[in-house]
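Student: I would like to learn how to read a fold and its packing. Could you walk me through an example?

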Amino acid sequence: MGRFLLQRSGQALVAIFGVVTLVFFIQRLTGDPVLLLVPETATQEDIEAMRRTLGLDRALWVQYLDFLRDMASFDLGRSYIRNAPVWDILLSRLPQTLQLAAGALVVALVIGLPLGLVMALTQGRPVSRVIMGIVLAFQSLPTFWSGIMMILLFGVTLKWLPPSGTGTLAHLVMPSIALGLLSLATYARIARASVLDELSKDYIRSARMRGVGTGRLVRRHLLRNAAIPVISITALEISQLLAGAVIVETVFAWPGLGLLTVQSIAARDFMVVQAVVLLGAFVTIAANFAADILYTVVDPRVRLTKS
Amino acid sequence: MSAALAFRPRTLAAWWPAGLLAALVACAILAPWLAPMDPDRQNLMARLKAPGFEARGALYLLGSDELGRDVLSRVIHGARVSIVVAVSSVLLSGVVGVAVGMLAAYLRGWVETVLMRLVDIFLSIPAILLAIITVAVLGPGFINVILVLALTRWPRYARVAYGQTLALADRPFVRLSRAMGASTPRVLALHILPNIIGPLLVVATLEFGLMVLFEAGLSFLGLGVQPPMASWGAMLSTGRNYIATAWWIATFPGLALFLLVLSANLIGDRLGDLIGKGR
Amino acid sequence: MKTLRQGLYTSAAILALSLPAMARDLTIDLSGEPATLDPHQQWNPDSYYVYRNIFDNVVTRDNDGTIVPQIATEWEYTSDTELVLTIREGVTFHDGSPLTAEDVAYSVSRIIEPEFGSPQLGQFNSITSAEVMDGNKVKLTTKSPYPALLAQLVKLSVVPKAIVEEVGTDAFNEAPVGSGPYAFDTWDKGVSVTLTQNGDYWGDMGPFETAVFRAVPDAATRIADLQAGAADLVVGLDSDGALQLAGNPDVKVLSAPTERVAYLGWNVDKPPFNDPDLRRAASLAIDSAGIAEGLLGAGEVPMAQLSSPAHFGYAEGIAPFEYDPEQAAEIVASKADIAATPVTFATAPVFDQRVVQAIQQMLNDVGFDVSISMTDMPTYLAAARAADRAERPELSFGRWSCACQDADGIAYPLLHSGSSWSRINDPELDSLLDEARTSLDESVRQAAYEKVHQIVREQYLTRPIYQAAVLYGANAALEFTPTANESLFLNRMSWSE
């Protein structure tokens, strides 16, 4: 167990190091932030001076060594654009991202899982097909389109919800739905498959023969055993939700990490990009790790060392 | 009418999404003959006209866009971009990903470690970052959109192929052929690939739908195909600014895109059921 | 404390939602959040829209564009290179401390200090020193005669020396203290900046108790916010977006001509536009009026020079460009071998793609082979300002603003061979531009610019197209007069009753 953990952590660190190194170099292939920072009328000398101020005139490997040294002391550097420590910027965006990811997960789970269950129990009947069709339809629209349609309907015409921004629970509703709908079908499908799988097992058959009701079966046996795939898919989805929320965040003016990433890349704010990528890599790997551990809690039959 | 059709109408009917997909593909192939006008032809005197508008003998059946171009012709030509981009990126990422996954699982050892860590690394880089970098380094354009999508998606195929191959690599028939001196490519291509192709097809079909949406998303972020080339994603992202005044600009490409993605999703779902494994 | 505060804001937000009628506060949707609120640390509109309400500038422009006193009440050239400013008495910063000549001199010295690394350095580095004289006067010394100095001082915000030195740059950026009509209240990172009225302001402060600047990146969402009543003023509207607001009695569209001149620039070192006849053909192919009125229609005016009437140095009587696609096609046909050279039209999402695509079609219609290359802004800028002039794009579309309302700000960077934007190398133009840049005699400068515009017009060195307009969407009750320099001063807005 201990050796397994150690090995895994070691590999994870190597992967994270690789990601950050790769991002460090490739983003510097794409120009620098200086031309965006200075006014249009700045001369070539002004531009060079700004480049020196930011330390971007130094050799790439010098900058890289500098970056590694900072990394080692948990210093993420300063944003060129905002002239503030990257840590502060990251921490100010994290709560928003977590809220949105949580909201989207709730939407996907609360709607997706019951739909999956219903589909499994109505397997072979038209109801099942119709539900699947609806679920897939949700997944077939670009978010930037469904997002603005929701805003116009619920925000402008009906005035039920604030059209954009953050601050209250009401603000969270539309972005969560827009983002959650993308994962909904995945959950519904997984829930359906694993419930069907369980239904075909002997203990369910014998329970049915003993006359145990469907509701009781679902509550006592099915849900518990169907939980494992749901957990593992959640681990994958969480990293997707963190990184993939860019368009939802743009449309709803939701200041999460996705929007920060896009704006920072667009401005060549290298330090911020590196930090977000680093954080993203950590979360991706940690989520998968947590999923492995959760398996053992949900189902003691699974042992970590097995994998 | 053949006997099969007569005997299993319900099964066949269940494959209507495939028919829909075929129709959209046909539309893309026949675009130059189907489209009533040049999709890029502007007419500043006929901007934002409603469906059915007629000017100088030209009928704008589905209306005109913000530069007076025929929406119908652009929707028809846009099918090409969406479908070609999605098919090419799925093929490219599928081939690369599957090869990497199979090799890693079959050869094990340091090859496995290197390849699978590479997969982890690519999974952790935000897709949008890869997109911007590709455009900045290689320049914008149609081919590079495909490249961006392939770059971000191949690790998913690698993961699936890896898992499936691991389960097969120790089977007797694989060991036997290995012992008989079959080369690695031969074993992978003849013995392993045919046994793992099913789940991969399911993934590929679902990815196809996703790629269509991704292309649209790239257009929304200004990283898609170059204007004035018609693409559903670009039409949708421009058209959403006109919902209140010219709903037709976004609605028709939106509908087409929806049908394409939906048919891909339904087919993938059906295939998954047939193979007996959801994703 | 912070959570309590946030809780209060949340409940305030809920209250605001349920009581939309009590709209005494103002909410403005910008496209992004300020990069910094320290006025000397960046140069972008989302920042200065906000901080120019927190800080006073040395001088300002009234709604007609005339330079009028703000912190400096009087100014006088004591020599060609020395300007003496008289500082307004009785102005206090938001912490109650008085604003003195010391603070003004400090603000200038801070921004021109190369070590400080302000991106705005280039706008002010012709100033070599700022000294306090006679208590309430500041003497600015420039390297050489610099006629644009006052126009630059419109953009120089005065910061409190004592506070900046005490708290340091980072803390000052988090909680800026100025002397303007609105005081900084909170900065909810990524979301909004809230300002409150400065009751002790020396001048007009406007009627708003608080004003909130929000970051809303998507233009369609900003329009929705306005229609839903969640925002009172939104920026970044185009004429087609404005159409969406038509027929809604709760909102209105405000527009004004700006100091931006939209132009088509070409690389005169490379075929096909190294050929003057083909430049003329391309010019003949472009329908300026069609673009300004037929496509845009928000008050854009066709222009035939790189200045607008809002600029010093605008020349009367420059002949408008003709539009004659048949003649253009003939010229192209007569030089088919050069004209067939493929042309890359470099652009970025920030430019109006309707105009870019319309121009592409107009040029291709007469026989050119133009394809669009759209990249993100840094990639575009790297090409547009490439070190080697020949590397700069064959074709590009720009809407230039120097935020200085002086012909120098547009003509010099676009035409002078020493500029990193210019694709032109013409000694006569260079000497005219240099003369106009360093003379304090307005009639000499005006004459030089008229000649510059004439040369550009005759040789088709660039192709000015139209004077751009700016559009805002606003609550019907908001009184606001947009200006040519696209400023958003809260104390020039009010509610109509």
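Student: How many helices and strands does chain A have?

Tutor: A word on the model: it is predicted, with local features needing pLDDT of at least 70 and side-chain atom pairs pLDDT 80 or more, while totals for chains, interfaces and linings use all residues. Residues count from 1 along each chain as its sequence is written, and chains are lettered from A and ligands numbered from 1 in the order written. Helices (H or I, at least four residues) and strands (E, at least two) are DSSP runs, numbered from the N terminus. Chain A has 14 helices and 0 strands, and its C-alpha trace spans about 85 × 60 × 30 Å along the principal axes.

Student: What percentage of the residues in chain A is buried?

Tutor: Buried means that 20 or more other C-beta atoms, placed from the backbone, lie within 10 Å of the residue's own. In chain A, 47% of the 307 residues are buried.

Student: At what angle do H15(C) and H16(C) pack?

Tutor: Axes are lines fitted to C-alpha atoms, for helices over the stretch in contact, and angles run from 0 to 180 degrees between N-to-C directions. H15 (residues 407-415) and H16 (residues 427-438) of chain C pack at about 150°, their axes 10 Å apart. Residues in contact have C-beta atoms, placed from the backbone, within 7 Å. H15(C) contributes Asp408(C), Ala411(C), Tyr412(C) and Leu415(C), and H16(C) contributes Leu429(C), Leu433(C), Ala436(C) and Arg437(C).

Student: How many residues of chain B are in contact with chain C?

Tutor: There, 19 residues of chain B touch 22 residues of chain C.

Note on methods
A residue is buried if 20 or more other C-beta atoms lie within 10 Å of its own, exposed if 12 or fewer, and partly exposed in between; C-beta atoms are placed from the backbone. Two residues are in contact if their C-beta atoms, placed from the backbone, lie within 7 Å.
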